[in-house]
Amino acid sequence: MKVFTIEEINAIVGGKLIGATNQQITGLEQLKNANKDQITFIGSHKFAKLWPDSKASAAIVNESLTVEADPNRALIQVKNADLAMAKLLEEFKPKAPIFEADIHPVATVHESVVLGKGCKIGAGCYVGKDVVLGDGVILYPNVSVFDDSKIGDHTVVWSGTVIRERSIIGSYCIFHNNVSIGADGFGYRPCEDGRGLVKIEHIGNVVIGNGVEIGANSCVDRAKFSSTIIGDGCKIDNLVQIAHNCILGRSCIMAGHSGLAGSVTLGDGVVIGGSASIKDHTTIHSGATVGAGSGVMGDVAAGATVLGYPATEGRNMLKQWAALRKLVKS
């Protein structure tokens, strides 16, 4: 168990220490649930009022808030409590599962595979013909990487993930449990005689940049031709669908249960809220935000915020909702 003094924690987050506590800190917790050996965080006025009743011995607080230190309880003032919390979570992060052997005896690794320095491959993994793994790649048990795929340095792939043939993955990526990369895109057309559906083959691949994180049970389908592309630094939540031939710019965020239909393009820094749906062949330009639960039926301008179903400019949609409430009440 890791233990820190309040002075050590202050040095980690680079804040201003107010008050003092001799209590050693063994973990982090939210205000309501914290014990005396834990530190908590206060990022808004909503939570500042809960501090007097919290059992935590210390709190990291946004410097814009007025919060008082109590006897034997300390505050650390910082510009951004969320970012300070991220630093501290890194310090308390538990160790990753241990590999007793770099390549487990029951992993299946084709003789043509190129392994970088320090690769680790867990039990039950399958690594196919002509796969290239960069330095420090970690495949946890029961990961499958099919033929001709490439994975960059220090990428971590958790159990149950399947990376289909010809996929190209960048460095420092994280794929959580049961991610699907490079499965067939969804494409069918009616038969000429109208008695069924013809499957459209998808012969392209998936290209994923550096520093991409993809949450559990999310899917990135391969392209019909050319590539489905996920740009550097994109962060994808759990249960997200990215269809064939989509292109994501840099540092896009997609929250859980959201989905892109085929050939959607996202510019840099686009944010897609949870359960939002984007129509095929739509472009959402850089810096735009799509609110949770929205349905985007057409292109979205750079920097715009859209809400609702069908999605409309954010302020206009809020005015419509307010007008509807007034009608209901009257």
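User: Which residues of α3 are buried?

Analyst: The model is a predicted one. Helix α3 covers residues 81-92. Buried here means under 20% relative accessible area. The residues of α3 that count as buried are A81, A84, L88 and F92.

User: Within what arc do the buried residues of α3 fall, seen down its axis?

Analyst: The buried residues in question are A81, A84, L88 and F92. They line one face of the helix, because the arc that holds them, seen down the axis of α3, is 80°.

User: Which residues are exposed on the other side of α3?

Analyst: To count as exposed, a residue needs over 50% relative accessible area. On the other side of α3, the exposed residues are D82, L83 and E90.

User: Is S294 buried or exposed?

Analyst: S294 sits in the loop between β34 (289-290) and β35 (295-296). Its relative accessible area is 0%. The cut-off for a buried residue is under 20%, so S294 is buried.

User: Which backbone oxygen does the side chain of S294 reach?

Analyst: Beyond its neighbours within four places in sequence, S294 is in contact with residues including S275, V306 and Y309. Its side chain also reaches a backbone oxygen at 2.8 Å, that of G291.

Definitions and conventions:
Residues are numbered from 1 along each chain as its sequence is written. This is a predicted model: local features need pLDDT of at least 70, side-chain atom pairs count only at pLDDT 80 or more; totals for chains, interfaces and linings use all residues. Side-chain values use heavy atoms; hydrogens and water are left out. Helices (H or I, at least four residues) and strands (E, at least two) are DSSP runs, numbered from the N terminus. The expected span of a helix is 1.5 Å times one less than its number of residues. Buried means under 20% relative accessible area, exposed over 50%, partly exposed in between (1.4 Å probe, protein chains only). The arc is that of the directions from the helix axis to the C-beta atoms. A polar contact is a pair of N or O atoms within 3.5 Å; within protein, one must be able to donate a hydrogen and the other to accept it, and residues adjacent in sequence count only if both atoms are side-chain atoms. Contact means heavy atoms within 4.5 Å.
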